[in-house]
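Load the model in your viewer and keep the selection panel open. The stops below are given in the order in which to select them.

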Amino acid sequence: YRDRFSKQMAMVREHFALSARETEVAELIARGNSMAAIAERLVISENTVRTHAKHIYTKLDIHRRQELLDMLRELGD
């Protein structure tokens, strides 16, 4: 794994059945990237990033970036 976030996201991916792309987007969200920055980095539209984010949040039963960060923090404990 590249770092702590990458390791935690792998655990989240397995537990919540995220796709590879959803995991990639979730990690970039957790790292504080904007939707525009994520779209540019992954060469996809902002709408596609938002769709991935909605799917991620639904699968994880969360509603905000902070809840994702809290979940990752709990995994690290």
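Select Arg 13 to begin; this residue is in helix α1, where helices (H or I, at least four residues) are DSSP runs numbered from the N terminus. This is a predicted model, in which local features need pLDDT of at least 70 and side-chain atom pairs count only at pLDDT 80 or more, while totals for chains, interfaces and linings use all residues. Residues are numbered from 1 along each chain as its sequence is written, and side-chain values use heavy atoms, with hydrogens and water left out.

Arg 13 counts as partly exposed because its relative accessibility is 36%; buried means under 20% relative accessible area, exposed over 50%, and partly exposed in between (1.4 Å probe, protein chains only). Show its contacts (heavy atoms within 4.5 Å): leaving aside neighbours within four places in sequence, they are Leu 18, Ser 19, Ala 20 and Thr 23. Now draw a C-alpha to C-alpha distance from Arg 13 to His 63: it reads 17 Å, across 50 residues of sequence.

Stay at α1 and pick Arg 4 with Phe 5. The charged end of Arg 4 sits over the ring of Phe 5, 5.2 Å from the ring centre; the rule asks for NZ of Lys or CZ of Arg within 6 Å of the ring centre and within 35 degrees of the ring normal.

How do the axes of α1 and α5 cross? They come within 10 Å and cross at roughly 100 degrees, the axes being lines fitted to C-alpha atoms over the stretch in contact, with angles from 0 to 180 degrees between N-to-C directions. The two helices are therefore roughly perpendicular, the class that covers 65 to 115 degrees. On the α1 side of this contact are Phe 5, Gln 8, Met 9, Met 11, Val 12 and Phe 16, and on the α5 side Leu 69, Met 71, Leu 72, Leu 75 and Gly 76.

Move to the loop between α1 and α2, where Ala 17 lies. Its phi is positive, about 55 degrees, although Ala 17 is not a glycine. Most residues other than glycine have a negative phi. Ala 17 counts as exposed because its relative accessibility is 55%.

A second case is Asp 61, in the loop between α4 and α5. Asp 61 is not a glycine either, and its phi is positive at about 55 degrees. With 61% relative accessibility, Asp 61 counts as exposed.

Now select α2. Is this helix mostly covered or mostly open? Mostly covered: eight of its 11 residues are buried, among them Glu 22, Thr 23 and Glu 27. The buried residues of α2 pack against α1, α3, α4 and α5.

Apart from neighbours within four places in sequence, Val 25 is in contact with Ile 38, Leu 42, Val 49, His 52 and Ile 56.

Finish at Thr 51 in helix α4. Thr 51 is partly exposed, at 39% relative accessible area.

Key. Angles under 35 degrees count as roughly parallel, over 145 as roughly antiparallel, 65 to 115 as roughly perpendicular and the rest as oblique.
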